[in-house]
Amino acid sequence: MKIAIVLVSALLAASANAGPITTGTLAAQLAAGPADIIIRFASTEATLNSAKSLEFATRAAKITSLRGSLLSFAEKSQSNVAKFLNSKGVESTQFWISNELLVKSADAQLVAELSKFRSEERRVGKECRSR
């Protein structure tokens, strides 16, 4: 499966039930100019649920363990895309809690290149901000 790419634009935010955004739809939106996009990787649900079944001496120990697990999971699942973006000099921000990657000023060509990467999941969200 290809990675999910999400365009978060004011136009799409106006329609709360706009539905999933395909790579083709995103490319068409980007024809008007670059936009910030969010790439959503595999869900962190399993990681979060695993912490519920473990015993910890303190709440702080549980938080520290969960944070480490989420950071590690995000690093592994986002590493190839993050390295690619870095090599292109593209500004991006990793969100380890939700396992998402914000890509600043993506154009249609970059989206086409990103759509070649693989991931565990294809879920697409709807909120974003256009430039």
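Reader: Among contacts in the protein between residues at least 6 apart in sequence, what share joins residues at least 24 apart?

Author: In this predicted model, 76% of the contacts between residues at least 6 apart join residues that are at least 24 apart in sequence. The elements to keep in mind are 5 helices and 4 strands, which follow one another from the N terminus in the order β-α-α-β-α-α-β-β-α.

Reader: How many residues does the protein have, and what percentage of them count as buried?

Author: The protein has 131 residues, and 35% of them count as buried. Its exposed surface comes to about 7900 Å², of which carbon and sulfur atoms supply 53%.

Reader: How should I read a helix, and what is the span of helix 4?

Author: As a general idea, an α-helix has 3.6 residues a turn, so residues three or four places apart point the same way. Helix 4 covers residues 59-88, which is 30 residues, and from its first C-alpha to its last it reaches 41 Å, close to the 44 Å expected at 1.5 Å a residue.

Reader: Where does helix 4 bend, and by how many degrees?

Author: The bend is at Gln78 and amounts to about 60 degrees. Just after the helix comes Gly89, whose phi is positive at about 75 degrees.

Reader: How do I read a salt bridge, and how many does the structure hold?

Author: The general idea is that side chains of opposite charge can pair when their charged atoms come close. The structure holds 3 salt bridges. In one of them Lys104 pairs with Asp36, and the closest N and O atoms are 3.3 Å apart. This pair links distant parts of the chain, since Lys104 belongs to strand 4 and Asp36 to strand 2, 68 residues apart.

Reader: Are Lys104 and Asp36 buried or exposed?

Author: Residues under 20% relative accessible area count as buried. Lys104, with a relative accessible area of 17%, is therefore buried, and Asp36 is buried with a value of 2%.

Reader: What is the distance between the closest N and O atoms of Arg40 and Glu100?

Author: In the salt bridge of Arg40 with Glu100, those atoms are 2.9 Å apart. Because Arg40 lies in strand 2 and Glu100 in strand 4, the pair ties together parts that are 60 residues apart in sequence. Arg40 is partly exposed, at 22% relative accessible area, whereas Glu100 is buried, at 14%.

Reader: Which residue forms a salt bridge with Glu113?

Author: The partner of Glu113 is Lys88, with the closest N and O atoms 3.2 Å apart. Glu113 lies in helix 5 and Lys88 in helix 4, so this pair ties together parts that are 25 residues apart in sequence. Lys88 is partly exposed, with a relative accessible area of 45%.

Reader: Where is Asn99 found, and what is its phi?

Author: Asn99 sits in the loop between strand 3 and strand 4, and its phi is positive, about 55 degrees, although Asn99 is not a glycine. Its relative accessibility is 0%, so Asn99 counts as buried. Ser105, placed in strand 4, is another residue other than glycine with a positive phi, near 50 degrees, but Ser105 is partly exposed, with a relative accessible area of 36%.

Conventions:
Residues are numbered from 1 along each chain as its sequence is written. This is a predicted model: local features need pLDDT of at least 70, side-chain atom pairs count only at pLDDT 80 or more; totals for chains, interfaces and linings use all residues. Side-chain values use heavy atoms; hydrogens and water are left out. Helices (H or I, at least four residues) and strands (E, at least two) are DSSP runs, numbered from the N terminus. Buried means under 20% relative accessible area, exposed over 50%, partly exposed in between (1.4 Å probe, protein chains only). Contact means heavy atoms within 4.5 Å. Accessible areas come from the Shrake-Rupley method with a 1.4 Å probe; for residues, only the protein chains shown count as cover. The expected span of a helix is 1.5 Å times one less than its number of residues. The bend at a residue is the angle between axes fitted to the seven residues ending there and the seven starting there. A salt bridge is a side-chain nitrogen of Lys or Arg within 4 Å of a carboxyl oxygen of Asp or Glu.
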